[in-house]
Each structure stands twice: as structure tokens, then as C-alpha cells.
Amino acid sequence: MGRNGVGFFCFLLILGAVVVAAAAEGRRRPFACEPHDSVTRTLPFCRTDVRIEDRVKDLVGRLTLQEKVKLLVNNAAAVPRLGIKSYEWWSEALHGVSNVGPGTRFGGEFPGATSFPQVITTAASFNESLWEEIGKVVSDEARAMYNGGMAGLTFWSPNVNIFRDPRWGRGQETPGEDPVVAGRYAASYVRGLQGTTTDGDDRLKVAACCKHYTAYDLDNWGGVDRFHFNAKVSKQDIEDTFDVPFRSCVMHGKVASVMCSYNQVNGIPTCADPKLLRGTVRGAWRLNGYIVSDCDSVGVFYDSQHYTSTPEEAAADAIKAGLDLDCGPFLGLHTENAVQRGLVNEAEINNALSNTIRVQMRLGMFDGEPSLSGHPYSNLSPNDVCNPANQELALEAARQGIVLLKNEGPVLPLSPQRHHHPIAVIGPNSDATVTMIGNYAGVGCRYTSPLQGITTYTRTIHQPGCADIACRDDNLFGSAIEAARHADATVMVMGLDQSVEAEFKDRAGLLLPGRQQELILKIAEASKGPVILILMSGGPIDVSFAKSNPRIGAILWAGYPGQAGGAAIADVVFGHHNPGGKLPMTWYPQDYLNNLPMTAMAMRSDPQRNYPGRTYRFYKGPVVYPFGHGISYTSFAHVVADDTPKIVPIPVDGRHHSNLTTISSKSIRVTHARCSRLSLILNIDVKNTGARDGSQTLLVFSTPPGSDHWMPHKQLVAFQKVKVPARGRRRVPVHIHVCKHLSVVDRAGIRRIPMGEHALDIGDARHSVSLQAHTLGVIKS
């Protein structure tokens, strides 16, 4: 989103409101190529029977330099002589159509849109089909709003940065700390947003954008903000952590856009780095789309980072690096002068415009009236927004994302029949509504708070206990304690909100704010019935005190569960839904942060300087709850089938045979192996040993051979969601791509496949597979 410059953001909001108000007078008229415009309708760029590449070339060739530079910014100007209207590129759809960007507004026939759980909660489902289905519904609603004149078609979502540090205020927007999960989330959600077409047809439903590239995961901590931060990152960490989700987003999700970030990486602003933009995103990964800056980040690297001496040099550096569109006014103000000074040439500007206009043409924006051009999404309407099916999916997504962390007794699920006396519902998040949707959200269709959800099952007594999340005093403790003392059971809904973790705001620590912990302990001591603690948050919380307290029978993490969060929480508490979510990030104790600045980017631990390492892959110390933790109301057993291979030969070209090098065991470069279709199929029998139907998330972890310090302790190589009926059994084939997922990255940033025994852990089962090099066609001298 935007910079701290409130004036610039307000300008965008006002401009966006004017544009939207004008467009909302009726159904949206064509962006360009009006069928009744006799001047332009026959021009090649308006003809749908002409190849898109030729249409783009024709249009760019008709523009003057002055017109071109006004199209390099998010609030792109109209070109009246060619029948092209102005366009606002900035819209957001992180977990539902949002009004954060000026390109989208609610009102009239579109008072709201389905608000799904925040991404960190949805990630906890580990359900790729759910992620894609959410994307499809969000883009249905986005297209409907575009057709109604209330939205654009270019949505700068999703955020696929790695949740590297538990204090990051924007960790809630991400799919968590694991690069494999983040990459598969990115590809799934983008496919849902952009739509799938037949071979040879690359039309887009909407254009998604994976952000913020790269190594961006600090907003404002310890006197350092994202506008001034230079992330010092090794080639090793770039290759095996930070770039993984973006590579998957571009190469597997076929995303239409990538956004570069505010920060520098190793001294170069990401939006001015040709190695990152031209070399990697467009070159190695072959982006078919455009690269956009985070909002005003070109201005940031000139004004705040002082990377160039003049604004014209900044504009030239960005365009020459591969930036196609500036969210902000900077390129519009300074590019023409940069051309006149010879810092950048017009051909490079043509190339940038070709990338953005090509995406607009894939969206159908130059096809004239959508209903006449046969566009497949022209009939989406207000009836497709907030409809019952979409809202039911939001409820189901919230159910699947809730994680049961503790259940002693078991206390849960509660029975409405057994607990027929009032249940005490306590806590500053107990009647939350807007808090449940997190940030980068719009206006939900409707909200069901936890109190409302629980009240549909049984009678309740409600006491907030704290005036707000800050919980600065104990003025409301007494009435809350009294309610717990007389209730049949007590449900406490505590945690965080956007006042604690948000964009521009990183957390100071991992403990609950204010006196929340004190209230929880007093309630637990006073309650005559079972005590359930429910936590809303984007990041992890150190609740060691509750985990070890026998009077707190159950703990649930709901993340930020979206508009239907309260109904989902109640469904889990009362057993209507059997929880199956798993934590997508490690929950650390507060002590983990000792001597660990957010500015330290290294993923691997360094015992010599008491550096603990980051994420479950490289940190070995104590945790509150580990990555992947989550229990159920039933139990599961796993058995690796006997037909699962124990040896996998790795074909290596003969000319690379001598490249086998000793690390601690032999390894080969991935680029030297015949990786095509080199997959291991792991057949796993999953048995539900309990009396309830349930969904189990298979998490397959690999421990590579050897004990080299730089290797991950373990890494997730596959995951899959499977439903198993009570006392039932399912055989699940899990495909593991050997080169992608059983490889490691060495200190030079080279991905290698270690030869030898790889240990695969799947819940309570373990399987070892030996990778053995098999040389093909050895060349004799």
C-alpha cells in the first residue's frame, strides 16, 4: 500500500471516488473501442480478430511521448483522441474485494462483498482446492463490480512474502513461514482469481499480482522502517526461502503481475534492480505480464534512500531495471525529462507500456462492449456478490482454518444439552465484528461475532472483561469473574487486533497485550465449569501460561476468521465441525526474541553469535507450539504402504558425472540431473481411529542426509488434505518432486540433491528413501 505521505493517498482516494462515481451512473461503458465511435472502432488495436501482440504494437505506435508518460502511473490518464478512458490500476483483493485501493468502492447495488478469513487463517487449512475456490469467488464478485462500474480489473493481491519474524505486522496477510506452502498458496489463489482458459486462450478474468518482491518483511521496528531498510540477504536465503513463493506464483500460477517492494536488497532498491526484475522475474521465470512498484516506492528510493542524485535518474533506473508501472505520480512527473536528458530512451518506455497494455487487452478492455464481444464474464452482476453460496464458502473457510491447540479431558466439544445453563462469553474480542476480517479487507456482507455464534447454540452471559484489546486496567474484571463463577462453562475470546499488528506497525513482543493474561488466569481460577480460550491474531502469541494451566482445558486459534468467524468458532466449540487446521507458523516463547533484531535477515542459526535461526526449518530451540501443530476431536494413524519405493535413481548426464562433490554426502546440482517427471510417489494409509468423521492434513517432512550446519533440520516437501470417516481408512498417494523438494541450497545459492538416505516423516510414520546417482552415457576421454 501507500507511503506515509497522507496527502498522496488522500489524492488517490478523491480521484478514485470521482472516477468511480462517474462510472457508476450505469453499467460500465467500454474502457476503449466504443462500438459507436466511428474513428477508433476500425483501428487495428480495437480489432479482436488481430493478434494481441499486433494490437499492442499498433496502439503504442499511435501514442505521443506525453501520452505515454501519463500511462506509466496507477491513475493512468485518458487518451480522448483514441477513445481510451482513464483507468485506476490500484485495486486489492487479498481475501475478498477490498476498498483499500482507490480503484474499488462500495455503495448502491454493491454495499459489500464476501469477506473471507485473513490469509494466515486460510493457510491453516492446508487445502489447495479451497484456496483456489476462494479466488474464483473473489474474482466473480470483482468482475461483477467492474461490470457495475464500481471496481477495476487489476488487483494487487496476494501477498506471498515469507512470515520470517513473528513480530511482523503484515504476517497476517501471508500464507505463513514455509516457502512450499506459500508457493502453492500463491499459485492456487492466483489461478482462482485469473480464471482458467483453453489452450491458446490467455484471457484473464481479473489480473492478480504477487507482492512484495523480495525479502520484504519489516514495516516499522526499532527505529527502522520499510522505506529505509536495506535487507542484507545471502544468495542461499534468496534462493531457498525468499524467492520460492514468487517463482511458483509466476511459473505455476501464471500471474499477470509482480510488485517490487520498498526495501533495498543488498544495497539496491528492488524497483531499480535489473537483476531482480529483468533478469529473474521476466527473464528466468518468464513473466507474461507487468511489473509494478509498491505505492510511491520509486519516489521512496529517490527521496528517502537517496539512491540517485536526481529524480530523472530515479525514473530512468526504474524503467531500465524493468519496472512497467508506478503506483504513484513519480514516473508521470519525471520520465519525459529523463528521455530529453538521454537517461532512458523512448523504446524502453514503449516496452513498459506494451507489458501493461497487453494485460488490459487480455482482460478484454479493448474489445468494446463486453456483452457484444462474447466476453465470458460480462453477465456477472450484483446477484453474484454476497450470494448465499459465497457466504457459505466464507463460513467453511473459517471452519477449516481454526486450529485446536489444546484439548485436555477432552473439554471440547461442548454439548448444548449438557451445558444448558448460561455459558459465560468473555473477552475484548468476544463480540468482535470488523476485527475478524483483519487488514486489506473491504465491507463484509454481514458479520457474525463469536458471541452471536455461541448464542445460536445456547444461552449466554456476556462480559467483555476489558474495554479493548489494550486491556489497560481491571475495571471490568469483577463482573467477568462473577459471570464465570456462575456459568456452566466459560469461553474467553482474547488476542490481538489491528491496533497491535498491522501495516506500518510491527509488534514489540509476543505476549498478550496489557492485562489480558491476568484476566485469563483470574477467570480460569474462578470458573466453576470448563474454560476454553480462543485467540484471534495474525501472528503467534506466547500463551505458555495457558498451555500449562490445567484449569484451561482447551485453546483454539482462530486467526482473523472473516465475516462468518463467530459462526465458525461456535460450530467448532459445539462439535458441529471437527477442527482440522494446522499452524502455518511457529509459535515461539517470548525469550526467542532476546538479541534477535528484525533487521537480521539470516535464516540459519549461528551458535557463535547466539543467533537462533528462523522458522521451523532452521530453529531448534523451545517453542510454544510448532509449525504444523493442530489436533482434532478424533485421532489418526498413518502407515506408509509397502509398495513405496526405498531407492530412487537420479539420472545424471555423463558429462556432469565428475561434478559429484562431497559435502558430507555426495550431492549433484539440480541443473545436472534429468529432473523431468522425476517424482517419488509415497502411498500413505490414513486411518481414522476415533468415533468422529474428520479431515487430516498430511504433512510430509524430509530430513536430508548429513549434518551440515547450512542444511535445514527438516523441510516440508508435500502436504495434502484428506477426509476420513470414523473408523475408516484412506490410501493417499503423495507425489514428491525429487529435484524441487528433496534438494537443498548450498552457500553459493546453488540447488543440489543430496545423495543418500532421506528420512520422510508423516505424523507417526517414517519412511527412508535412498537417492542414488545413476550416470547416463559416460563420456570417455
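A polar contact is a pair of N or O atoms within 3.5 Å; within protein, one must be able to donate a hydrogen and the other to accept it, and residues adjacent in sequence count only if both atoms are side-chain atoms. The side chain of Arg105 reaches the backbone oxygen of Gly101 at 3.2 Å.

This is a predicted model, where local features need pLDDT of at least 70, side-chain atom pairs count only at pLDDT 80 or more, and totals for chains, interfaces and linings use all residues. Residues are numbered from 1 along each chain as its sequence is written, and side-chain values use heavy atoms, without hydrogens and water.

Arg105 sits in the loop between β2 (87–88) and α4 (119–123). Helices (H or I, at least four residues) and strands (E, at least two) are DSSP runs, numbered from the N terminus. Arg105 is buried (under 20% relative accessible area, 1.4 Å probe, protein chains only). Arg105 has no salt bridge (a side-chain nitrogen of Lys or Arg within 4 Å of a carboxyl oxygen of Asp or Glu). The nearest side chain of opposite charge is Glu88, 8.6 Å away.

Ala144 lies in helix α5 (residues 128–147). Ala144 is buried, with a relative accessible area of 0%.

The distances compare atoms of different kinds.

| Pair | Distance |
|---|---|
| Arg105 side chain, Gly101 backbone oxygen | 3.2 Å |
| Arg105, Glu88 side chains | 8.6 Å |
| Ala144, Tyr377, C-alpha to C-alpha | 8.1 Å |

Ala144 and Tyr377 are 233 residues apart in sequence.

Terms used. Buried < 20%, exposed > 50% of the residue type's maximum accessible area, 1.4 Å probe, protein only. Lys, Arg positive; Asp, Glu negative; His and termini not counted.
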